[in-house]
Amino acid sequence: MSEERGERRGPGRVREVTSLANPLIKDIRALAMKKYRDQTRSFIAEGLKLVVDALDAGWTIRTLVFAKSALGNVAVERAAARTVAAGGTVLEVNEKILAAITRRDNPQMVVGVFEQRFRQLADVRPSAGEVWVALDRVRDPGNLGTIMRTVDAVGASGVMLVGDCTDPFSMETVRATMGSVFSVPLARCDAEAFTRWRAKLDARLVGTHLKGSVDYRTVDYAKGPVILLMGNEQQGLPEPLARACDTLVRIPQAGRADSLNLAVATGVMLYEIRRHALPLDGRGEA
Ligand SMILES: C[S@@+](CC[C@H](N)C(=O)[O-])C[C@H]1O[C@@H](n2cnc3c(N)ncnc32)[C@H](O)[C@@H]1O
């Protein structure tokens, strides 16, 4: 079949692409770079389950790419039909193209290009019982993805990216979220805007700090909404942000490690803050 010949396959119109030089493929591959993700406000998610979950959650899909070998797979064809119905493009490609898009030797058979989503800061108004995690200049995509996954797991409300943070929509971060990128609201702002936003809220700002004077287990987190503020991996919280906190807590440590990994510290905090909201018998509504 010649490159880019449109034809009917399954439920929707599918375009077959066989060359890495195809402009549509070049555009998708460019999404590995932040500059192009920012310009197009889109990002890549890998895997059929993720793509279907994202569609179910109402995310806007721009392109669905699937492996030729997935032809006839009912779930893939359904996802393709939903993409076409939503006005998106569907591309049938070979494994070499999928490997180039995902930069993996064993790529998933489905990849989706979705529109990015950020909440406006002014629209984030946590109410009683809610927890938002604010991350000061988080740099590591694995940490950010793991934190988003944990926020999702504990039923916290969202993540606020403060200052110059790693991109939540990079392929590495999205992979680390294991799908939670589609269920955890994100907002972003600089440190000054964060402080102004927080000043207008009736919420408790709990910062974590190696020099915190309060043991994190002694705080009553049940009073009103909580904003949990975590410091940068290398430098911790800067003075102005530390000063803006209502409470600075410390997670006690034995042994010689000077600190916990950021994502681990966030997980420890979130499970303590959400302790009473999480059911004792495993999964369920908090
Ligand atoms: C890797 S640590 C930063 C270490 C950094 N060298 C410092 O001096 O703060 C990253 C963030 O995780 C949190 N954290 C890690 N260990 C902690 C602990 N034992 N108590 C409180 N917060 C901790 C803090 O928010 C910290 O800013």
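Colleague: What area is buried between domain 1 and domain 2?

Modeller: About 1100 Å² in this predicted model. Carbon and sulfur atoms give 67% of that area. The figure is the accessible area lost by the two parts, summed over both.

Colleague: Where does the chain divide, and how far apart are the C-alpha centres of the domains?

Modeller: Domain 1 covers 5-115 and domain 2 covers 121-273. Their C-alpha centres lie 33 Å apart. Domain 1 brings 15 residues to the contact, domain 2 brings 10.

Colleague: What makes R175 and E46 a salt bridge?

Modeller: The cut-off is 4 Å between a side-chain nitrogen of Lys or Arg and a carboxyl oxygen of Asp or Glu. The closest N and O atoms of R175 and E46 are 2.7 Å apart. That is within 4 Å, so the pair qualifies.

Colleague: How many salt bridges and polar pairs does the rule find across the interface?

Modeller: Two salt bridges. It also finds five residue pairs in polar contact. On the domain 1 side, α2, β3, α3 (48-56) and α5 each give two or more residues. The largest share, four residues, comes from β3.

Colleague: Staying with β3: why is S42 called buried?

Modeller: S42 lies in strand β3. Its relative accessibility is 3%, and buried means under 20%, so S42 counts as buried. The residues that S42 touches include L31, R62, V113 and F114.

Colleague: Why is R41 called exposed?

Modeller: R41 sits in the loop between α2 (34-40) and β3 (42-46). Exposed means over 50%, and R41 has 61% relative accessibility, so it counts as exposed. R41 also has a positive phi of about 50°, although it is not a glycine.

Colleague: And what makes R103 exposed?

Modeller: R103 has 62% relative accessibility, over the 50% cut-off, so it counts as exposed. R103 lies in the loop between α5 (95-102) and β6 (110-115). Its phi is positive, about 55°, and R103 is not a glycine.

Colleague: How do you know that the span of α10 is close to the expected value?

Modeller: Helix α10 (residues 262-273) has 12 residues. At 1.5 Å a residue, 16 Å is expected, and α10 reaches 16 Å from its first C-alpha to its last.

Colleague: What makes α10 mostly covered?

Modeller: Nine of its 12 residues are buried. Among them are L262, M269, L270 and I273. The cover includes β7 (131-136), α6 (141-154) and β10 (204-208).

Colleague: Which residue caps the N-terminal end of α10?

Modeller: N261 does. A side-chain oxygen of N261 lies 2.8 Å from the backbone nitrogen of A263. The polar cut-off is 3.5 Å, so the distance falls within it.

Terms used:
Residues are numbered from 1 along each chain as its sequence is written. This is a predicted model: local features need pLDDT of at least 70, side-chain atom pairs count only at pLDDT 80 or more; totals for chains, interfaces and linings use all residues. Side-chain values use heavy atoms; hydrogens and water are left out. The expected span of a helix is 1.5 Å times one less than its number of residues. Buried means under 20% relative accessible area, exposed over 50%, partly exposed in between (1.4 Å probe, protein chains only). Contact means heavy atoms within 4.5 Å. A polar contact is a pair of N or O atoms within 3.5 Å; within protein, one must be able to donate a hydrogen and the other to accept it, and residues adjacent in sequence count only if both atoms are side-chain atoms. Domain bounds come from an automatic or database domain assignment. Buried area is the accessible area (1.4 Å probe) that two parts lose on being put together, summed over both. Lists of a residue's contacts leave out its neighbours within four places in sequence.
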